[in-house]
Amino acid sequence: MDDLEQWLARDYARAYRTARLVLRNAADAEDAVQEAFLRVWRFRDAIPADAGRNAWLYRVVVNACVSSLRAQRSHTGRDDGADALEGLADRGPEPELLAEQEALAAVVEAALAELPEHLRIPLILRFYSGLSEAEIATAIDRRPGTVKSRLYDARQRLAQDPRLAAWVNADTTNDALEASS
Amino acid sequence: MTTPTEQDLTRLLTETASSYDVPEHGPSEVLAAATRRRSAAPRRRWIPLSAAAAVVVLAAGFAFQVNNYDGNIDRQSATVSGAGGFAEQSAPQPAQDFSGAQVQKSAPLRAALDSGSGFTGLSGGGTGAGSAAGGVVGGTAATAGETNDGADGAEARVVTTGSLALQVKEKRVGPTLDAVRKAAIAAGGYVASGTSEEASDNPSGELALRVPAARYETLVGQIRRLDAKVLRAETSARDVTAQFSDLETQLRTLRAARERFLVLLSRTRTVGEVLSVQQRVDEVSGRIDRLEGQRKLLANQSDLSSLTVSITAEGDPVTSQRSGLSQALGDAKNGFVSGVEGLIRNSGRALLLVLCLAVAFAVGRVLWRVARRRLV
């Protein structure tokens with residue numbers, strides 16, 4: 001149990017945020033991550049020695065997320081609005097910064113929402129969760145070559161999103177200005 | 001159109017994700033749920049392993065018992081003493097001592113011997129074969145192994161075995177052996193085996209005779225009239241009527257079942273059906289063959305009685321009865337050999353069973369792994 005506690009302390013937040021990025025729903029993300037940790041913990045002895053526990057954790061997270069997304073499609077819509085309001089109410093005393101962060105989040109989420117699942121999930125695992133292509137391959141049960149191809153496609157799709165491009169360019173300009181001053 | 005770099009994507013996603021508040025109660029809920037599952041359904045690897053081992057042991061034991069029952073008749077038939085018998089045999093096993101003057105015997109038995117009217121003390125009892133058993137060695141009563149109809153109409157079957165220990169004067173061992181042999185042949189029997197040591201300091205000989213059950217008493221009477229002292233005489237009769245009848249019934253049932261399976265076999269259409277029915281036919285045929293063998297053995301044993309005649313010369317130290325210790329050692333040796341035979345006889349079926357279970361275990365393990373991968 002101590003092992004599980006340490007593992008949760010180390011990886012719960014990142015796993016939760018990964019699920020949140022995929023699902024864009026706090027409650028579903030929490031459920032998915034909880035179930036994922038429990039399953040991996042339960043089958044920890046059965047995880048192949050050459051596969052990292054985290055890769056399997058994200059595999060379960062991904063599966064839970066996919067199941068949840070399918071359930072969302074067939075039942076009710078997302079509660080993004082409520083989550084966003086809740087998030088704003090809980091934020092600290094820097095409204096401008098928070099507003100900017102919220103705006104960025106909205107743009108990124110919108111861009112992610114435009115991506116199909118099979119592109120969105122590898123993208124999040126690679127650039128947020130920090131998994132290698134091999135680990136993503138384990139997580140989504142595909143070959144590493146497929147992962148590489150999907151990551152490429154995802155980036156190409158994101159490049160076509162003008163709002164996201166504006167944020168990227170703005171950040172790049174700001175960085176350049178800060179560097180010159 | 002500018003493709004976002006990896007750094008851009010990492011930064012965008014990280015900033016977006018950092019705007020999500022992580023539920024503080026999340027990890028504790030996972031811990032609580034893990035604790036609940038652990039206490040609700042403790043998973044111990046030794047439980048399924050122990051269960052599997054228990055199944056293997058039980059199955060092997062069952063196979064052993066089934067084989068033991070099948071082979072019971074063979075072993076019982078090979079046992080000359082006739083004590084014990086089959087489980088379903090209800091008649092008590094008469095085993096009477098009709099020894100000569102130097103051996104103690106009961107008064108009624110002595111009277112019966114002297115009068116030549118047979119062994120009145122014998123009683124078959126119970127199954128309608130009593131008259132046959134009672135007359136196993138009787139001079140005027142029903143003769144040994146005589147196939148009378150029992151009360152239930154079944155043909156009475158009695159397996160009779162006996163032994164005679166004779167003492168003759170020196171140099172009379174050979175002639176007495178010849179006389180016994182001739183008497184057996186004259187009675188329609190034959191010598192199953194024989195040994196003699198006539199040239200030794202203590203000449204002796206032994207003959208194992210098989211004679212028609214109906215002539216058993218006649219032969220015993222002829223041998224007793226030889227110029228020899230009867231040191232020991234034993235006869236035991238084992239009523240196998242019930243066992244024989246049971247075998248007949250089983251055979252009839254199995255043959256009928258085989259007929260039905262053969263009819264089914266002619267109606268099968270798919271290969272699977274053919275194989276399935278053929279397997280049943282083979283099983284039933286095998287069972288019929290085994291029972292038929294047992295039936296023939298029982299029939300042979302009840303048709304032909306066994307008599308062992310041992311002859312020693314006067315002064316031979318061997319003439320004394322075997323001591324209890326010697327008898328016990330002999331029994332121990334026989335028991336050991338029987339046990340080894342039983343183990344070898346049953347090892348094939350037990351091995352097959354273990355192999356089947358091993359295959360089932362391997363398949364289950366593979367399925368479990370697949371299921372586990374899907375679960376996770």
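Trainee: How do the elements of chain A run from the N terminus on?

Mentor: This is a predicted model, and you can read its elements off in order. In chain A they run α-α-α-α-α-α-α-α-α. That gives 9 helices and 0 strands.

Trainee: What share of the residues of chain A count as buried?

Mentor: Burial is judged by counting neighbours around each residue. Chain A has 181 residues, and 38% of them count as buried.

Trainee: Now the interface. How many residues of chain B are in contact with chain A?

Mentor: In general, the size of an interface is often given as the accessible area lost when the parts come together. Here we'll go by contacts instead: 30 residues of chain B touch 42 residues of chain A.

Trainee: Which elements of chain B give two or more residues to that side?

Mentor: They are α1 (6–18), α2 (26–40) and α11 (324–375) of chain B. The largest share, 10 residues, comes from α1(B). Sorted by class, the side of chain B that touches chain A has 16 nonpolar, 7 polar and 7 charged residues.

Trainee: What about helices α9 and α10 of chain B: at what angle do they cross?

Mentor: For α9 (residues 241–267) and α10 (residues 271–303) of chain B, the axes come within 9 Å and cross at roughly 155 degrees. Angles over 145 count as roughly antiparallel, so that is how α9(B) lies relative to α10(B). Their crossing is left-handed. The contact between α9(B) and α10(B) has 16 nonpolar, 5 polar and 7 charged residues.

Trainee: Let me pick one residue there. Is B:Asp282 buried or exposed?

Mentor: B:Asp282 is found in helix α10 of chain B. It counts as exposed because it has 12 C-beta neighbours inside 10 Å.

Trainee: Where in chain B is the pLDDT below 50?

Mentor: As a general point, where pLDDT is low, the predicted coordinates should not be read in detail. Chain B has a mean pLDDT of 73, and 68% of its residues reach 70 or more. Over residues 70–152 of chain B the value is below 50, and this stretch has 188 contacts in the model beyond near neighbours in sequence.

Trainee: And what ipTM and pTM does the predictor give the complex?

Mentor: The predictor gives an ipTM of 0.78 and a pTM of 0.38.

Technical notes: Residues numbered from 1 in each chain as written. Chains lettered and ligands numbered in written order. Predicted model: local features only at pLDDT ≥ 70, side-chain atom pairs only at ≥ 80, totals over all residues. Axes fitted to C-alpha atoms, helices over the stretch in contact; angles between N-to-C directions. Helix = DSSP H or I, 4+ residues; strand = E, 2+ residues; numbered from the N terminus. Parallel < 35°, antiparallel > 145°, perpendicular 65-115°, else oblique. Left-handed = near helix turned anticlockwise from the far one by under 90°. Nonpolar A, V, L, I, M, F, W, Y, C, P; charged D, E, K, R; others polar. Contact = placed C-beta atoms within 7 Å. Buried ≥ 20, exposed ≤ 12 C-beta atoms within 10 Å, placed from the backbone. pLDDT = per-residue confidence, 0-100.
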